[in-house]
Amino acid sequence: MEIKQIGKKNSYQCKHGKSIINHEIGSVTMLAKIVKELNPQLIIELGTGYGGMTLLLYDMCPNAEIHTFDNNPLYTSKLTPVNYHNQNIIGHNNLITRLCNDTRHKLLYCDNGNKIFEVNNYGYYLDIGDVIGIHDWGTEIEQKDIENLLRLFDPLEVNKWFEKNNFSSRFFRRHTGKLHKR
Ligand SMILES: C[S@@+](CC[C@H](N)C(=O)[O-])C[C@H]1O[C@@H](n2cnc3c(N)ncnc32)[C@H](O)[C@@H]1O
């Protein structure tokens with residue numbers, strides 16, 4: 001995995017191969033490590049952007065089924081063998097709801113234009129053990145925006161590292177929810 005800085009130190013963009021990731025370079029190695037450890041069978045990414053994070057998710061979990069959504073096709077779907085959906089995530093999106101209801105072990109990564117909406121709207125469909133990742137914590141979304149939802153989730157230990165290093169990703173694992181069998 002080769003990650004390169006784009007622009008100034010502390011810039012919000014870096015490069016993974018040829019694709020841009022809209023995350024601070026310092027956070028990307030840790031993000032990759034977490035995703036690998038979580039080893040989800042199904043990954044739902046809201047907000048593809050240029051597809052750099054999608055590619056990273058694929059590299060970390062090549063056996064997972066990956067679905068990424070964006071209504072602005074900056075991303076060329078030829079980059080990786082993931083499922084790219086040129087769709088609006090705001091409002092009721094049947095496909096996202098169906099994927100979040102899937103019984104496989106899931107990671108929902110929220111990095112779209114309206115974090116408060118997407119986390120509150122889709123997080124409730126997740127099941128026990130599933131993990132939600134949220135970007136832009138502290139600028140576009142904070143604890144009070146998703147307080148009710150977070151009663152069903154525990155923060156992952158790694159949040160302390162993100163906080164200490166001033167990076168804006170957070171991860172939470174669902175501890176209560178639907179009790180159907182996997
Ligand atoms: C910050 S970028 C995603 C960055 C990407 N996850 C990464 O790490 O490189 C946010 C994306 O959300 C998309 N977006 C904004 N509003 C949307 C909506 N209503 N439906 C679908 N996509 C939307 C934008 O087109 C943009 O590409």
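Predicted model: local features only at pLDDT ≥ 70, side-chain atom pairs only at ≥ 80, totals over all residues.
Residues are numbered from 1 along each chain as its sequence is written.

Strands (E, at least two residues) and helices (H or I, at least four) are DSSP runs numbered from the N terminus. Strand β4 covers residues 42-46, and four of its five residues are buried (20 or more other C-beta atoms within 10 Å of a residue's own, with C-beta atoms placed from the backbone).

| Partner of β4 | Residues | Sense | Bridges |
|---|---|---|---|
| β5 | 65-69 | parallel | five |
| β7 | 106-110 | parallel | five |

On the β5 side, E45 stands opposite T68. From β4 the chain passes through helix α2 (residues 52-60) to reach β5, a right-handed β-α-β crossover (with the strands pointing away from the viewer, the path from the first strand over the helix to the second runs clockwise).

**A look at R173**

Now let's visit R173, in strand β10 (residues 170-174). R173 is partly exposed because 16 other C-beta atoms lie within 10 Å, a count between the limits for exposed (12 or fewer) and buried. Leaving aside neighbours within four places in sequence, R173 is in contact with G129, V131, F153, D154 and L156 (C-beta atoms, placed from the backbone, within 7 Å). R173 and I128 are 45 residues apart in sequence, yet 7.6 Å apart in space, C-alpha to C-alpha.

Notes: Contact = placed C-beta atoms within 7 Å. Pairing = 2+ DSSP bridges.
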